[in-house]
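Please read them with the structure open.

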Amino acid sequence: MCGIVGHLGPNNPMDTVLEGLSRLEYRGYDSAGIAYVDDKSELHFYKKKGKLANLVSLLEKEKHTVVGCIGHTRWATHGEVNDANSHPHTHGKISIVHNGIIENAPSLKNELASEGFEFQSDTDSEVFLALVTSNLKNGMDFLPAVSEAFKRTDGNSAFVVLNAETSEILAIKRGAPLVAGLHEANSDASVSSDPYALVGSSETIYFPGDEVLVLLSKRHNDIISFYELDGTESKNYKSKKQEMSLEATDKGDFEHFMLKEIYEQPGLTRDLIQFYLAGDGADLLNKVSAWKPEKFHISACGTAAYAGMVIRDFIEQRNRIPCAVELASEFRYRNPLLREGEVGLFISQSGETADTLAAQGLCVENKMKTLSIVNVEGSTLYRDCDENLLIRAGIEIGVASTKAFTQQALTGCLLSYAIAGDLESEEKKKTIADKYSLLAERIDDILARVDELKKIAEEIYNYNGFFFTGRGQYFPVALEGALKLKEIAYVHAEGYASGELKHGPIALIDDQMVNIAIVGPALFDKTISNIQEIKARRGVIVGLGPKGESDLDDICDFKFDLNFDGLEELSPLYVNVANQLLAYYMAKFKGTDIDKPRNLAKSVTVE
Ligand code: F6R
């Protein structure tokens, strides 16, 4: 989704903003722009549809001394993708960038147009610019002009405003990501929608609360200061040292971040178990278990929701506590039955997904305790939940989520062990650690046999459509396998419960359809029968299943052997790695933009 960066101070504000925007490219965007103030208090702005490189080429001849700069990558919501709708939006000495949706934009736009403001774009964002400039025209100072404008907007948004008159930057948000960063010397300060954009330029990261104004100004002793909407000083922010390093954000020898992230999974599995069994994590798991939930309401979006289904199985099987899993976008508007004593469990890589945040808010309104399984420490979800289980996946840059899924599910599994009281016994802890290390070994084994999967991908990538099927614990990974393939290879794929195909979708089966059939040891014969039904209709069968089972081998056009021995409940995560690699190589044969697939955003901050 839209990315925002702003920088004030002598350390190359424009380069810092462009570098920050390039880091935010992974979030998905369709145009980019910057505005800056020079040492003569003149405002300059440039914006261009398409890749950031298009914008950078416009800036090659820029010679001014830049004092402060703001920048934006746009993921279109209101108005088509063109230069005019790109951000920043500028009027007089004011320029703004925006991430989110102004829900009452149509009525505000009518009002401001009737007062004479000439809109230059079809965006909702320009309404905020019109409000700020109208307030300034009416004699307000910069801070109240932004604060009053903000109060008039409905919906979740983050805004950054550059005032060339005063060479100051103001930022504010409600329910949208925004952080600020300070250079150790207090000479330079930044704002951004993602701490990742500030790696290398800021040593301290601030996380302002909602409706807190963040002012970057040379006129104060501190280059960053925080204010409430009424202009009084605010203490509603947290801060921490920047811990992310630039190395973590490098592809290394891998062609794509997605591939690198797939390969990181065995190591991350081992680290996770170390942290939660031997490190600080055990206390946290035990603390959450002491809540003794009557029921879990698991809510998430996309891949994270599929991880939620895997976690539901862990908790229901081991703890016999009921778990409902729902897409956050449905849950939030469905008026679900929620009771005190039940726990809301929210799963998210970014911790910024708008629907997931809203689902969490609904549980809080219903006096429930809320828990996250989240990757980004300090994200909005992290800050809003009562407790957080970090999945410790490190930064995930590939838009298609891979390692986060595995770590989410594995963290959820550890929660189920904690609820069962298994972390109290050293012997049981050792058994758990052994299971995780066996999983890591088996994933290593799949990675070592990647050429087999690559060969299958080469054979099937041009077919018309793909059904990923699985039963029971493999159904969520069938859904996830299909999602991965759709996202990065741009082919139609569906995840289905093996037994359900004959209730409709089987009508689609012919010799141009592929069934990627996950066959685990449980319900083996029934799953084989389901595959027979596809085979009888000339569907192409790719079997992901146990070795040496002639019933399966005989009906597969292509087969990838999996060793399920001793893996029991963790095997869906193991199978999923094979699906990830299949999707990756099919996308590679198709020649798509794997790390930044079209139309997608890494962090979905609008509903
Ligand atoms: C798919 C994918 C998305 C996300 C979803 C939720 O590969 O990445 O489906 O899983 O947008 O995002 P988070 O986990 O950040 O809440």
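The points below cover the sheets, the helix packing and a few backbone details.

1. Ground rules. This is a predicted model: local features need pLDDT of at least 70, side-chain atom pairs count only at pLDDT 80 or more, and totals for chains, interfaces and linings use all residues. Residues are numbered from 1 along each chain as its sequence is written, and side-chain values use heavy atoms, with hydrogens and water left out. Helices (H or I, at least four residues) and strands (E, at least two) are DSSP runs, numbered from the N terminus.

2. The antiparallel sheet. Eight strands form an open sheet in the order β3-β2-β4-β1-β10-β9-β11-β14, with antiparallel pairing. Two strands pair if DSSP finds at least two bridges between them. β3 (43-49) and β14 (237-241) are the edge strands, and each pairs on one side only. From one strand to the next, the twist averages 15 degrees. Axes here are lines fitted to C-alpha atoms, for helices over the stretch in contact, and angles run from 0 to 180 degrees between N-to-C directions.

3. Pairings within that sheet. Strands β2 and β3 run antiparallel and are joined by seven bridges. Val-37 has Leu-43 in β3 as its bridge partner. The hairpin of β2 and β3 has four residues between the strands, and Ser-41 there takes a positive phi near 60 degrees. Further along, three bridges join β9 (residues 179-182) to β11 (residues 204-208), again antiparallel. Leu-182 is partnered by Thr-204 in β11. Helix α1 (residues 13-24) packs on the sheet, touching β1 (3-8), β2 (31-38), β4 and β10 (189-192). Its direction makes about 15 degrees with that of β4. Contact means heavy atoms within 4.5 Å.

4. The parallel sheet. A five-stranded open sheet has the order β21-β20-β22-β23-β24, with parallel pairing. Its edge strands are β21 (492-497) and β24 (558-562), each pairing on one side only. The twist averages 15 degrees from one strand to the next. β23 (residues 540-546) and β24 run parallel, joined by five bridges. Leu-544 has Phe-560 in β24 as its bridge partner.

5. Helix α15 (residues 450-460) lies across β20 (465-470), β22 (513-518), β23 and β24, and runs at about 155 degrees to β24. Helix α19 (residues 571-590) packs on the sheet as well, touching β20, β22, β23 and β24. The direction of α19 makes about 155 degrees with that of β22.

6. α16 against α19. How do these two helices pack? Helix α16 (residues 475-489) and α19 pack at an angle of about 20 degrees, with their axes 9 Å apart. That makes α16 roughly parallel to α19. The angle classes are: under 35 degrees roughly parallel, over 145 roughly antiparallel, 65 to 115 roughly perpendicular, and the rest oblique. Residues of α16 in the contact include Val-477, Leu-485 and Ile-488, and those of α19 include Pro-572, Tyr-584 and Met-586. By class, the contact of α16 with α19 has nine nonpolar, three polar and three charged residues. Ala, Val, Leu, Ile, Met, Phe, Trp, Tyr, Cys and Pro count as nonpolar, Asp, Glu, Lys and Arg as charged, and the others, Gly among them, as polar.

7. α4 against α5. The axes of α4 (residues 125-137) and α5 (residues 142-151) come within 8 Å and cross at roughly 135 degrees. That makes α4 oblique to α5. Among the residues that meet are Phe-128, Leu-131 and Val-132 in α4, with Phe-142, Ala-145 and Phe-150 in α5. The contact of α4 with α5 has nine nonpolar, one polar and one charged residues.

8. Backbone points to look at. The peptide bond from His-87 to Pro-88 is cis, with omega near 0 degrees. Pro-88 lies in the loop between β4 (66-74) and β5 (89-91). Arg-320 is not a glycine, yet its phi is positive, near 55 degrees. Arg-320 sits in the loop between α9 (302-319) and β16 (323-327). Is Arg-320 buried or exposed? Arg-320 is exposed, with a relative accessible area of 62%. Buried means under 20% relative accessible area, exposed over 50%, and partly exposed in between (1.4 Å probe, protein chains only).

9. A further positive phi. Lys-367, also not a glycine, has a phi of about 60 degrees. Lys-367 lies in the loop between α11 (354-365) and β18 (369-374). Lys-367 is exposed, at a relative accessible area of 60%.
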